[in-house]
Amino acid sequence: MDVESSIETIAVALAARDGRGGGRATAMIGAGFSLNAQPRVESRRRFPLWRDIVRPLIDELLPPCAHCPPMGLCPEPRPAHCQLGERRRALFEDASGASGMMSLGDKFEAQKGSARLRAALETAVPDADYAPGLAHQLLVRLPWADIFTTNWDSLLERAVDTYDRSYDSVVTVEQIASTCAPRIVKLHGCARSGSRLIFTEEDFRTYPKTYAPFVSLVQQSLMENVTVLFGFSGADPNFRAWHGWVRDHLGRNIQPIYLVSLRPTDPIDVNLMAGRLINQIDLSQKREWQNLSSNEMIEKFLSDIHNRLHSLRVNLEWPTTRRNPSEEDPSSRPAKNHLDWRRRLDAYPRWLVAPARNRSALLLALDEALSLTFDTAIERGVLGKLNERADAKVSRRPPNLLTEREKTALIVAESLRIGLARPGGELSGKLKNILLEALVGLLTIDATGGRSFNSLQDLLTHFLGDIGSPDDEAARAKHIIKASKNAFSGGRPRAHNGVLDLLPLFEIVEREARLDDDAATAQLLRDVLWMVGGEGPGRELAVRGALAFALTHLQIQVIDELLSLWPDQPHDAASNLRRSATLREIGWIKESFEEISGTVARLRSLGSARRRGVAEASKEAWAFYLYADLLEANKDVLGSVVTPHQRYLSLDDVIVELHERLDELETNRCDPRREIDRLFRDLDTAAIQTRLGGTAAPPSFKPPLQHIIADPASTFVILSEAVGVAANHSHGTSRLALIAARLLAPTHRQLAIGLLLRAGTPEDLRFTRPSSSSEGECRDRDIVRLTDEAGWRIADVVFDRDTYRKDFTELAKVLDRLVALSPVRQQDLVDPPYLDRKVRLLQHLVAGLIAREEGTADRDLVEEGFLLACRVARSPIIAATRAGWANQSEMFDVVLRVFPCDRIDFALESLLSFPIPAGAEESLAAAWPDPFRLLVEAWYEDDPNQGSSLQSELRDLGKQLLASAKPTIQGLPEVRSAFAEKRRTLRLLEVGSSSELHLMVRRRISFLDEILSQTPP
């Protein structure tokens, strides 16, 4: 077998961690490997091979006569009176094979006894005369799963002492229980230990029974690990039996076995070994090693395995390293150009989310490179290709679809994506221009007629015609996908591969356009992805961008349709986690559970070997973390779903097991809990700095970054989009999104509003009224509680007083859209608890904006607020789902208190026209959000003589409205007549009503009685 390919296979196996300190390869050491030992003293004794042990045993068993030399056969011709010659010759001939040597051991033991046999064997091994050689030291420094040896010497154990690698020594089967892998297992005993040395035929016959644990250990290793035989002929009867047993059961599925030899092997033997699935590695085949000694060849072989293993090991210090600078390791030296940066990115360990410390190091290095690039005093910086002008005449032919300038922009985009960071102003503009120019160049490849195009929009129009600008992006996407199939009827567009190569740049630029409220650019880029992005990652990126907008604006129907466009990528764990987070956010908890539990199951089914890589471990860790978070936050919903499928484990037991697995994955810096803890600390620190009047720059960067935005609020936004951290994720009692919104409000107000709508609750967001800013109750309801100052309140900062009119209009539009859904379609699109949360939140925010202004609120805005409250109250979907009932009266309370006096008759007519749930169950009637509860208090009072009687009394707000309405109604007889007619109708309805409906009707009658009595005709 080729030496280089065998080195690669062995190194890869060693690099695969087995969870016990070693790799997935095992070494088996035979007598030939001891020849690599280093002599301590001048001695003619050498380490024996098996055949070398035969002569001293025969000489002691049948000592030569006086005519024979001290060692060896009798001379020829033999003396006539010599009787030993034939017997010695027969012994030598019988012992020439393995079975003969074992038989000789039996004869010697029968003749001399077992103690003498052991002494003779120990004498044959000059263990004390030698020290471990370089080959021994190189061998034990490799991370073998176990090292098995049939040698009786202690060279391997002493080599371990030299290099302090944690191998346990096992000489007897009893020691297996008290040791753990990796081990040096002395299969045939040890000369120094006093244990029996396996040599005789009887030893080998009884070995499977006497040493059954050793047999099981080796067989298990042969089934699990790559095995490398050093100094081994493969003729050992025990090994042949073990290997044969594994081969019988696994057939050709057996793990590779390599037999290392130092010289060419007879082709007949090679074919024999190949038939037994043993691969021969002839080190003499390598031209560079042909003039080396046997010791040097084995040392070179082991050294090359070491070097290859070092290159395979994941650098957890990335993008830096503790190794000495070298050309092979780009992270060991500063980047000189964009090619060095590319090599550095290629060495990324593939964490799903890089640890915070690694991200900081990467962003500092990138910012320094960008500073040199944009410094006009420097002719050409590290990433100087960014500053080059676009070449409109560049040839774009596969596989070179991208220019060096575009590849450099990709390097920056990938670095920002890994760093969970955003580009600063100058860098953002440059990346945007490069991407748009690249897309024009790529799409022109597919354009016909030799036309030139001035813009990307012109190209889209050329391919798709007039797209229009529908508000529903899902409908727009479906239209573009259908039109693109017609435009590229010949198959996939040639620009497709180039667009996929640019996806990291797409992600950065499209997100930045959304965050900066540049909706046109974000939409344009998504249109390109809908058209030529294909049905995989490109489609998903477009869906994610569109969903981010739809979730912010609570476009439920659009969200549902966009989710139907999400590509099916079962083996992309990150994509599945992101989809699960979206399902969770819109209230589809069971569907989210199915998505994420399926992802966890697929990751666990990869097999332990594949899961040991950093990339797989990182995906698994985030899946487990988000899975546990979903279960903890939704125990009431998922308890009955999880328990039947978890082998009688309770939901809490499942969560504990998930966290225990996270503890195991922490070794590769794959613990999301640490990352979330770090993010919360950074958000908390930035919030305190902001409150104290300082900057909100992340504390990790000193000095601050010049061309990159890496504040913790932006990091949270990117993390939620890129990985699937829930928008309403909590750390302790704090919602990360709310702290992020408070920090983003001064520069990205729309983004901050979106975070509040996605993650906030009425309890989280309290407005400060001028007359109650010092009330302790209002302060205590602020969930963040970073300060007692009114200026810190999240709602007040995000919804700035200077823009309250615009904010009211936007919130009213969102609320109108929610309540306008039909009750039939609602059941398929939204979870009622989710709708309830959002309606309650929007009602609270709208009411808060009006209440905060009190007497200074615009007249038109108050009327709009009242009409909005009426539309919500009359909405069929609200009636069907009871969404927002808990605080629906809050909007009426606020607007009626400041309603224009000259229009109060209109408000009262509207309130009186509200439907009454006649025939409804008692519980429904009791929960019905009747606005007249704000005006009139009604109750039943027990009278000992007359029984229970219905009583009523105007509340303060009712008295206020009555006083305001009195002048208007007196001047409008038709209004008074309408109220009187309404009272007569209500008195007819009052008869036979249930108790709750009776109270509802009585409130209206009582209020009308007061109005009519105080406004005589």
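**Exercise 1.** In this predicted model, find which residues Trp530 touches, leaving out those up to four places away in sequence.

*Solution.* Begin with the contacts of Trp530, which include Glu473, Ala477, Ile480, Ile481 and Ser484. Further along the chain, Trp530 also touches Arg539, Ala542, Val543, Ala546, Leu562 and Leu565.

**Exercise 2.** Classify the aromatic pair of Phe866 and Phe906, and state whether each residue is buried or partly exposed.

*Solution.* Take the geometry first: the ring centres are 6.2 Å apart and the planes make an angle of 70 degrees. Planes over 60 degrees apart count as edge-to-face, so the pair of Phe866 and Phe906 is edge-to-face. Now the accessibility: Phe866 has 0% and is buried, whereas Phe906 has 24% and is partly exposed. Phe866 lies in helix H39 and Phe906 in helix H42, so the pair ties together parts 40 residues apart in sequence. Finally, the charged end of Arg903 sits over the ring of Phe906, 4.6 Å from its centre.

**Exercise 3.** Decide which stretches of the chain to read with caution.

*Solution.* The average pLDDT of the protein chain is 83. Residues 695–699 stay under 50, and residues 771–790 are below 50 as well. Where pLDDT is low, the predicted coordinates should not be read in detail.

Technical notes: Residues numbered from 1 in each chain as written. Predicted model: local features only at pLDDT ≥ 70, side-chain atom pairs only at ≥ 80, totals over all residues. Heavy atoms only, no water. pLDDT = per-residue confidence, 0-100. Contact = heavy atoms within 4.5 Å. Phe/Tyr/Trp six-rings, centres within 6.5 Å; stacked < 30°, edge-to-face > 60°. Helix = DSSP H or I, 4+ residues; strand = E, 2+ residues; numbered from the N terminus. Buried < 20%, exposed > 50% of the residue type's maximum accessible area, 1.4 Å probe, protein only. Lys NZ or Arg CZ within 6 Å of the ring centre and 35° of its normal.
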